[in-house]
Amino acid sequence: MASGSATGGTTGAKAVVTRFAPSPTGFLHIGGARTALFNWLFARHHGGKYLLRVEDTDRARSTEPAIEAIFDGLTWLGLQGDEAPVFQFARSARHAEVAAQLLESGHAYRCYLTPEELAERRQKAQEERRPFRIDSEWRDADPSTWPADKPWVVRMKAPREGETTIEDLVQGSVTVQNVEIDDFVILRSDGTPVYMLAVVVDDHDMGVTHVLRGDDHLNNAFRQLVIIKGMGWDVPVYGHVPLIHGADGAKLSKRHGALGVDSYRDELGILPEALFNYLLRLGWGHGDDEIISREQAVEWFDMVDVGKSPSRFDLAKVHNLNGHYLREADDLRLAELVAPRLPTNGDGAADAGLDLLSRAMPVLKVRAKDLNELAEGSAFLFAKRPLAMSEKALGLLTDEARGRLAAVHERLSGPIDWTLEELEGNLKAMAEELGLGLGKLAQPLRAALTGQTTSPGIFDVLVLLGREESLARIGAQADVPVE
């Protein structure tokens with residue numbers, strides 16, 4: 001093969017098939033989740049199929065917990081595959097079979113170069129300040145010269161003349177001079193396939209038409225094309241997406257918030273629809289639209305709108321977007337998500353709090369940006385007397401304020417309906433009678449009812465706690481004798 005071209009237009013009448021192929025050596029990281037999302041969306045947009053493949057050939061680092069964590073993260077985001085996942089290691093025999101076919105057809109060869117010989121040649125190239133290229137004397141050797149007692153690997157015969165061009169859906173036209181492509185190994189001396197071969201064989205056997213992945217794989221594509229063309233297989237359409245950087249432009253790391261998807265859910269309290277929306281906008285856009293539903297994403301998404309520059313991850317934007325989705329979320333669903341985050345002390349919200357939490361959500365979720373803030377904001381509902389008081393709350397409970405609380409207790413103990421309107425009317429009237437602004441009553445009242453200086457509206461707090469609990473908490477801070 002002297003030259004070649006991988007076009008990125010269409011695959012004829014073939015239905016679109018994409019794949020996400022994580023290596024199970026750790027959690028599902030944010031970059032992997034975005035790759036899965038783009039593959040899922042592209043397949044959905046074109047009425048195609050989205051598949052999963054677990055690239056578990058690194059047996060030393062691939063673990064069952066990591067596989068479970070990846071599937072768990074994908075399920076949480078709603079990015080499950082359309083078919084049962086393929087496990088790469090289980091297909092090793094098939095990969096070796098293709099290597100044998102490439103040997104038989106003359107597109108690959110047995111190479112008996114030893115590691116020591118390769119190291120010596122690499123060192124010489126460094127000393128002569130020239131690029132090191134594999135130039136094996138075994139490439140065109142007569143089989144009669146093959147040693148009977150030496151180990152060998154299978155190398156591809158990479159083209160030595162011309163150039164190869166990939167018409168990439170994201171990067172555009174990318175050309176590499178074929179002389180830059182080494183005769184790379186596809187089968188080790190122990191008969192096991194290397195990653196480069198396994199990927200190509202699996203993509204072909206799974207019917208993958210579009211390979212959409214990070215642009216750190218762009219160089220791999222030119223080597224993989226050598227295998228694809230050696231087998232006479234259809235060339236997939238490539239789309240190599242720029243990697244994600246931190247807000248400071250540096251490579252994304254944990255200090256930027258590059259956590260596993262499970263951490264956004266479990267530790268940061270992010271909703272899946274919020275992370276879905278954020279990842280969607282991380283390198284792709286639809287005009288000035290920021291809030292994009294799942295249905296809109298499927299309708300609008302295409303790789304032509306993916307930017308060529310690295311996108312920048314901003315954890316603050318994740319939280320802001322999450323705040324929007326919290327306000328839109330069903331109250332019972334939020335209550336079920338928040339309840340496990342509350343400190344129960346053995347008798348908290350887990351016992352009988354879902355109904356109360358659900359009723360509290362409309363006033364709790366107005367300013368919250370994550371589930372942790374919702375849990376923190378709702379903790380007062382389940383606090384046991386005597387309430388733990390923050391330092392600022394204690395500062396509001398002066399002797400004068402406690403006297404006013406006693407008056408509030410007396411007024412609210414009367415025959416009034418315990419409704420938002422009735423409570424608001426009574427306390428505003430009381431403040432006027434005392435010649436006070438409402439805040440002079442509301443601030444110590446909030447401290448007495450919640451142990452904090454911030455909370456939902458004071459009348460909402462009274463309604464949510466109910467008559468008996470509210471009066472008990474007010475009375476405890478006003479030194480009102482318990483009957």
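Buried means under 20% relative accessible area, exposed over 50%, and partly exposed in between, with a 1.4 Å probe and protein chains only. Helices (H or I, at least four residues) and strands (E, at least two) are DSSP runs, numbered from the N terminus. This is a predicted model: local features need pLDDT of at least 70, side-chain atom pairs count only at pLDDT 80 or more, and totals for chains, interfaces and linings use all residues. Residues are numbered from 1 along each chain as its sequence is written, and side-chain values use heavy atoms, with hydrogens and water left out.

Q: What makes strand S11 largely enclosed by the rest of the structure?
A: S11 covers residues 237–241, and five of the five are buried, so the strand is largely enclosed. Both faces are covered. Val237, Gly239 and Val241 lie on one side, Tyr238 and His240 on the other.

Q: How do you know that S10 and S11 pair?
A: Two strands pair if DSSP finds at least two bridges between them. Five bridges join S10 (residues 210–214) to S11, and the strands run parallel. Leu212 stands opposite Gly239 of S11.

Q: Why is the chain called more spread out than a compact globule?
A: The chain holds 19 helices and 13 strands. Its radius of gyration is 32 Å, well over the 23 Å that the globule rule gives for 483 residues, so the chain is more spread out than a compact globule. The radius is taken over C-alpha atoms, and the rule is 2.2 Å times the number of residues to the power 0.38. Along its principal axes, the C-alpha trace spans about 110 × 45 × 45 Å.

Q: What share of the 483 residues is buried?
A: Buried residues make up 47% of the chain.

Q: Which strands form an open sheet, and in what order?
A: The order is S2-S3-S4, with parallel pairing.

Q: Why is one side of S2 and of S4 left without a neighbour in the sheet?
A: S2 (17–20) and S4 (86–87) stand at the edges, each with a single partner strand, so one side of each has no neighbour there.

Q: How do you know that S3 pairs with S2 and with S4?
A: Four bridges join S2 to S3. Two bridges join S3 (residues 49–54) to S4 in the parallel sense. Val17 has Lys49 in S3 as its bridge partner. Arg53 has Val86 in S4.

Q: Which way do the residues of S2 point?
A: Val17 and Arg19 point one way, Thr18 and Phe20 the other, and all are buried. In a regular strand the side chains alternate between the two faces of the sheet.

Q: Why is Arg129 called exposed?
A: Its relative accessible area is 80%, so Arg129 is exposed. Arg129 sits in the loop between helix H4 (115–127) and strand S6 (153–156). Arg129 has a positive phi of about 55° although it is not a glycine. Most residues other than glycine have a negative phi, and most peptide bonds are trans.

Q: What kind of peptide bond joins Arg385 and Pro386?
A: The bond is cis, with omega about 0°. Pro386 is in the loop between helix H14 (371–378) and helix H15 (391–396).

Q: Which residues is Trp300 in contact with, leaving aside its neighbours within four places in sequence?
A: Contact means heavy atoms within 4.5 Å. Trp300, in helix H9 (residues 294–300), is in contact with His45, Trp284, His286, Asp289, Ile292 and Asp305.
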